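Q: I am new to this structure. Please take a close look at the helix packing, and then relate it to the rest.

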Amino acid sequence: MSTANKPSHLVLLGGGHAHVEVLRQFGRHPVPNLKLTLVSRDAHSPYSGMLPGFVAGHYTHKQVHIDLARLARFAGARFIEADAVGLNRDRRELLLADHKPLDYDRLSINIGSTPQLKVPGAREHAVPVKPIDGFTARWKVLLGRARRETAPLRIAVVGGGAGGVELTLAMQHRLRQERQNHGGDPDSLGFLLLTASAELLPTHAPRVRRFFHRTLLERKVELHCAQRVQRVEAGQLWTESG
């Protein structure tokens with residue numbers, strides 16, 4: 001049987017930002033004789049750029065997630081919700097959990113980043129921001145504590161880049177608001193930001209750095225620069241300086 005007219009099969013593994021844009025473009029500009037499949041373990045993909053706004057309470061959970069099944073339909077793609085467990089490169093097959101192998105002509109992988117948590121104790125005693133779904137689950141628990149409890153609560157954020165600064169300010173805004181709305185004292189919440197860099201937001205312009213440095217101080221966020229975290233224990237961070 002001739003395969004001259006057989007559609008080429010492009011498989012997109014993961015619902016990362018790049019694949020979201022690829023699907024959007026395929027929906028706007030279909031490609032003839034192309035079979036398109038999206039594989040993702042989750043049916044909804046969080047948009048990380050909106051995470052601080054979600055934490056601050058400005059966006060709902062639904063607003064910060066992309067409906068991958070709906071986007072796939074728009075692009076004329078098949079959507080498979082499954083975990084990828086391996087590749088058979090010789091046979092050009094993507095191996096899936098609880099699903100038969102998926103053949104492909106071209107495979108693109110965009111599954112997002114996951115921190116390695118190399119610092120001793122971080123895996124047991126810290127909350128990584130990514131994967132975002134894991135973070136949001138822990139965030140809901142913390143919100144519950146802020147609402148129910150009146151005891152002092154101290155939040156530490158490690159990382160002085162844009163993400164760390166945004167999340168610190170967003171968490172402070174939301175948690176203070178929640179504690180006050182439930183009859184507690186918002187000043188019983190303390191926040192500190194640690195970064196291994198000598199200064200805050202090292203890749204940003206000096207004026208931006210000065211603005212956020214001033215903002216953090218005005219909002220009584222403890223800022224610790226040039227403090228690389230060496231290990232994490234229950235309720236404690238240890239830096240290289242001791």
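A: Axes are lines fitted to C-alpha atoms, for helices over the stretch in contact, and angles run from 0 to 180 degrees between N-to-C directions. Helices (H or I, at least four residues) and strands (E, at least two) are DSSP runs, numbered from the N terminus. The model is predicted: local features need pLDDT of at least 70, side-chain atom pairs pLDDT 80 or more, while totals for chains, interfaces and linings use all residues. Numbering starts from 1 along each chain as its sequence is written, and side-chain values use heavy atoms, without hydrogens or water.

Start with α5 and α6. Their axes are 8 Å apart, and the helices pack at an angle of about 35°. The crossing of α5 over α6 is right-handed (the near helix is turned clockwise from the far one by less than a right angle). Who meets whom, counting contact as heavy atoms within 4.5 Å? From α5 come Phe135, Trp139, Leu142, Leu143, Arg145, Ala146 and Arg147. From α6 come Leu167, Met171, Arg174, Leu175, Glu178 and Arg179. By class, eight of these residues are nonpolar, none is polar and five are charged (Asp, Glu, Lys and Arg are charged; Ala, Val, Leu, Ile, Met, Phe, Trp, Tyr, Cys and Pro are nonpolar; the others, Gly among them, are polar).

Now the core. A nonpolar core joins buried Ala, Val, Leu, Ile, Met, Phe, Trp, Tyr and Cys residues through side-chain atoms within 4.5 Å. Buried means under 20% relative accessible area, exposed over 50%, partly exposed in between (1.4 Å probe, protein chains only). The largest such core has 28 residues, and Val55, Trp139, Met171, Leu175 and Leu193 touch the most other members. Elements giving two or more residues to this core include α5 (132–148) and α6 (162–181). Also on that list are α2 (51–56), β10 (153–158), β11 (189–194) and β12 (221–224). Met171 shows the links well. Leaving out residues up to four places away in sequence, Met171 touches Val55, Trp139, Ile155, Val157 and Phe191. A second, separate core has twelve residues, among them Leu12, Val20, Phe26 and Ala72.

Two strands pair if DSSP finds at least two bridges between them. Four strands form an open sheet in the order β5-β2-β1-β9, with parallel pairing. β5 (78–81) and β9 (106–109) are at its edges with a single partner each, so one side of each has no neighbour in the sheet. From one strand to the next, the twist averages 20°. Six bridges pair β1 (residues 8–13) with β2 (residues 34–40). Across that pair, Leu12 stands opposite Leu38. The two are 26 residues apart in sequence but 4.8 Å apart in space, C-alpha to C-alpha. Leu38 is buried at a relative accessible area of 0%. Its contacts beyond four places in sequence are Leu12, Gly14, Leu23, Leu68, Arg78, Phe79 and Ile80. Helix α1 (residues 17–28) lies across β1, β2 and β9, at about 145° to β1.

Two antiparallel pieces remain. Four bridges join β13 (residues 229–233) to β14 (residues 236–239), and Val232 stands opposite Leu237.

Technical notes. Contact = heavy atoms within 4.5 Å.
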